[in-house]
Structure formats: C-alpha cells, structure tokens
Amino acid sequence: MKKALLFCLFVLLISCKSTYLDAKKSLILLDISKEKDDYAFVNLKNYSNDFVFDMKYATADNFLKEKVYPCEECFLRVKTIKSLLEANKEFLAKGYRIKLYDCYRPKSIQKKMWKIVPDANFVANPKKGSIHNKGGAVDISLVDSLGIELDMGTKFDFFGEEASHNYLKFSEQILNNRKFLKEIMLQHNFKSFDSEWWHYNLNNSSVDEVSNLKWRCEN
C-alpha cells in the first residue's frame with residue numbers, strides 16, 4: 001500500500017510538472033536546428049540574443065490596462081521559432097532587428113483577457129482560441145541599429161482603422177516601414193493579419209491545437 005501511494009504521488013508530480021514550460025535561460029545559446037519536434041514549445045531567448053523583447057502583457061502598458069502575464073517570456077513552437085530566426089537574420093543583414101510584443105499565450109490567460117474585455121473585436125473568444133494560444137503567432141515591430149523603433153503609424157494594440165495594412169493615409173516613410181516588415185515576414189513562412197500591422201501568423205498554424213501550457217518564472 002505504501003509503495004502504491006508513493007508511486008501515485010510520483011505520477012502526480014510528473015503530470016503537474018508537464019503542464020509548465022521552463023523559463024530558465026540557457027547560459028549557452030542552443031541550436032534550433034537540433035530540435036526535432038517542431039510542435040514542442042521552447043523559449044526563444046534560449047536560441048538567440050538578436051531580438052528585442054517588450055512583452056506588453058507582462059506589464060500594464062497594454063489596451064487591457066492590466067498585467068496578465070506572470071513574467072516576460074517568449075515561448076513559441078519550434079517550427080515558429082525556426083522561421084522567425086530566419087526572418088530576423090535577414091532583418092539583421094539590413095541593419096534592423098525584430099522587437100517582440102507578444103508570443104505564445106496560454107488559454108487560461110486568453111480567458112482572463114476575455115473576462116476583462118469580452119469583445120471579439122479586441123480579444124479572441126477563448127472558446128475558439130487564437131493563434132497565440134497555438135504558439136504560431138507573434139506581435140512584432142522593428143528597431144534600427146540604435147535600438148530606435150521604426151514608425152509604424154500607430155502604437156501596438158491600437159484598434160482603429162489606422163492599424164490596418166490597408167490604411168494608406170500615412171507618410172511614405174511609415175508605409176515603407178510597414179511594407180518592409182511585411183515583405184520579409186511573408187518571405188519566411190508567415191502571413192499578415194489585415195487589421196493589425198504588428199500581427200503575424202506562421203503559415204498553416206491555425207490547424208494546431210490550442211494549448212494551456214504555462215511557463216515558470218525565474219526567481
């Protein structure tokens with residue numbers, strides 16, 4: 001009986017652990033090409049130092065006006081990171097780099113966001129989920145070699161018509177900035193989201209499963 005109880009406790013601990021993603025950063029960067037499971041969730045920060053991170057939902061600086069992420073991490077599926085690294089490599093060659101606002105989002109946090117703003121015009125209904133919940137979406141912008149963000153016409157998470165790729169009443173420079181971001185992302189297996197200049201989905205990621213894996217924060 002005692003052995004049986006110990007075994008059950010062991011299984012419980014393992015099952016609980018599997019619902020969390022490790023947010024610890026590697027001292028040595030890992031090689032994404034060695035990751036064979038394209039559907040596994042991994043931390044982008046373990047594979048590159050060439051991104052800028054400004055994870056808005058880990059702060060109150062977002063349209064919700066609330067912090068809904070426990071800490072600032074960027075988890076994505078391996079296949080998403082592979083394409084993102086290739087896109088960033090091209091931006092780097094041109095003197096720019098990707099700045100990330102949001103990556104994978106657990107379904108539990110999607111529910112929390114929906115509770116704050118229950119409007120499908122702003123937040124995906126958690127009953128269906130979003131590509132963020134599948135680890136296939138990123139919200140991004142670009143910074144130059146000095147770390148200055150390119151002018152995209154609106155802030156991240158601005159939900160007026162001006163945020164759309166189809167809105168053309170901006171200066172030539174702003175339109176070129178958006179075009180530059182979009183063209184390279186589309187060349188690297190992503191597709192844009194018409195109403196949000198910052199949102200890109202990995203091609204065919206809509207068929208992946210919604211996940212509720214959560215990440216552990218470092219102490």
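## Helices and strands

Helices here are DSSP runs of at least four residues, and strands are runs of at least two, numbered from the N terminus. This is a predicted model. The protein holds 4 helices and 9 strands. Along the sequence, their order reads α-β-β-β-β-α-β-α-β-α-β-β-β.

## A closer look at Asn 177

Where does Asn 177 sit? Its place is in helix H4, which covers residues 172-187. Is Asn 177 buried or exposed? Buried means under 20% relative accessible area. Asn 177 has a relative accessible area of 8%, so Asn 177 counts as buried.

Which residues does Asn 177 touch, once its neighbours within four places in sequence are set aside? Asn 177 is in contact with Leu 150, Asp 151 and Met 152.

## The whole protein

The protein has 219 residues, and 44% of them are buried. Its accessible surface comes to about 12200 Å². Carbon and sulfur atoms account for 54% of that surface.

The average pLDDT of the protein is 90. A score of at least 70 is reached by 87% of the residues.

Residues 1-18 are another matter: pLDDT stays under 50 there. For this stretch, the model has 2 contacts beyond four places in sequence. Where pLDDT is low, predicted coordinates should not be read in detail.

How values were computed. Residues numbered from 1 in each chain as written. Predicted model: local features only at pLDDT ≥ 70, side-chain atom pairs only at ≥ 80, totals over all residues. Heavy atoms only, no water. Buried < 20%, exposed > 50% of the residue type's maximum accessible area, 1.4 Å probe, protein only. Contact = heavy atoms within 4.5 Å. Areas by Shrake-Rupley, 256 points an atom, 1.4 Å probe, with all protein chains shown as cover. pLDDT = per-residue confidence, 0-100.
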